[in-house]
2 protein chains.
Amino acid sequence: MASFQRHVFICVNERGAEDPRGCCQARGGVEVAAAFKQSLYARGLKRIVRPNKAGCLDQCALGVSVVVYPDGVWYGGVTVEDVEQIVEEHIVGGRPVARLVVPPDALTGRSPEPGQLS
Amino acid sequence: MASFQRHVFICVNERGAEDPRGCCQARGGVEVAAAFKQSLYARGLKRIVRPNKAGCLDQCALGVSVVVYPDGVWYGGVTVEDVEQIVEEHIVGGRPVARLVVPPDALTGRSPEPGQLS
């Protein structure tokens, strides 16, 4: 067998209704994950591209959050209606969907200090 | 801000006790995820390297399964006792822990047919 060619992680994390960031589950994360699975399997891409539910991806304010590896491309505000375009243009075609891409400087990650990582 | 430098997905999926493959949750996936979080945060790597709980990574027989992106390195049979070595040698040091790495031909992924992916 082999590694997956691409691995798509969809946040389905649930937070309390009082959290000001909101959460991906309330915005439809489970439905978005199901739509990826349906689209990929329908194209015969099962086990070639893996759709994967994920716990909190730490981009709560941007949900539904999706990250595609090994590309490292992040999407925000993804709805069920966006899934087919992401699969067609990015997963199959190799061109990320610019209107949904979250630029690195809008993500919550940090750069390492010198010497923290080799 | 920035993208995460590395993103570590730990399978915490639960399957019924009758499933012959077993599952990562029964083998300690939640505890392994907690150990990654503790180790990374203790090193000041919060939001530099993200530990992430994941749904089924489709390597049930190899659990606890862990995949590190963007490297695309897969680990199998990971225990709490292995986490510090993975963080020290791979996450910080850049050298995957060979004794725990699952080779691509032992994974469940498939290669695409010509024309399926560009």
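Colleague: How many salt bridges does the rule find across the interface of chain B and chain A?
Modeller: This is a predicted model, so side-chain atom pairs count only at pLDDT 80 or more. A pair needs a Lys or Arg nitrogen within 4 Å of an Asp or Glu carboxyl oxygen. Across the interface of chain B and chain A, the rule finds four.

Colleague: Which residue of chain A forms a salt bridge with Asp58(B)?
Modeller: The cut-off is 4 Å. The closest N and O atoms are 3.9 Å apart. The partner of Asp58(B) is Arg50(A).

Colleague: Which element supplies the largest share of the side of chain B that touches chain A?
Modeller: Four elements of chain B each supply at least two residues of that side: strands S1 (6-11), S2 (49-54) and S3 (66-69), and helix H2 (80-92). The largest share is five residues. Those five come from S2(B).

Colleague: What area is buried between chain B and chain A?
Modeller: The size of an interface is often given as the accessible area lost when the parts come together. Here 42 residues of chain B are in contact with 42 residues of chain A. Carbon and sulfur atoms give 50% of the buried area. The total is about 3,700 Å².

Colleague: Which three residues supply more of the area that chain B buries against chain A than any other three?
Modeller: The area between the two chains is about 3,700 Å². Of the part that chain B buries, three residues supply 16%. They are Met1(B), Arg110(B) and Leu117(B).

Colleague: How many residue pairs are in polar contact between chain B and chain A?
Modeller: Both residues of a pair must be at pLDDT 80 or more. The side of chain B that touches chain A divides into 20 nonpolar, 14 polar and eight charged residues. The count of pairs in polar contact is 30.

Colleague: How much space lies in the largest cavity?
Modeller: The structure holds one cavity of 30 Å³ or more. Residues of chain B line the largest cavity, among them Cys11(B), Cys23(B), Cys24(B), Cys56(B) and Cys60(B). The lining divides into six nonpolar, three polar and two charged residues. The space is about 40 Å³.

Colleague: Which residue does a cis peptide bond join to Gly63(B)?
Modeller: Most peptide bonds are trans. In this bond, omega is about 0 degrees.

Colleague: What is the omega of the peptide bond from Tyr69(B) to Pro70(B)?
Modeller: Pro70(B) sits in the loop between S3 and strand S4 (73-75) of chain B. The bond is cis. Its omega is near 5 degrees.

Methods. Residues are numbered from 1 along each chain as its sequence is written. Chains are lettered from A and ligands numbered from 1 in the order in which they are written. This is a predicted model: local features need pLDDT of at least 70, side-chain atom pairs count only at pLDDT 80 or more; totals for chains, interfaces and linings use all residues. Side-chain values use heavy atoms; hydrogens and water are left out. Contact means heavy atoms within 4.5 Å. Buried area is the accessible area (1.4 Å probe) that two parts lose on being put together, summed over both. A salt bridge is a side-chain nitrogen of Lys or Arg within 4 Å of a carboxyl oxygen of Asp or Glu. A polar contact is a pair of N or O atoms within 3.5 Å; within protein, one must be able to donate a hydrogen and the other to accept it, and residues adjacent in sequence count only if both atoms are side-chain atoms. Ala, Val, Leu, Ile, Met, Phe, Trp, Tyr, Cys and Pro count as nonpolar, Asp, Glu, Lys and Arg as charged, and the others, Gly among them, as polar. On a 1 Å grid over the protein atoms alone, a cavity is a set of points where a 1.4 Å probe fits but cannot get out, and a pocket is an open set with protein on both sides within 12 Å along at least five of seven lines; lining residues have an atom within 4 Å of a point. Grid points are joined across faces, edges and corners, and a volume is the space filled by probe spheres set on the points.
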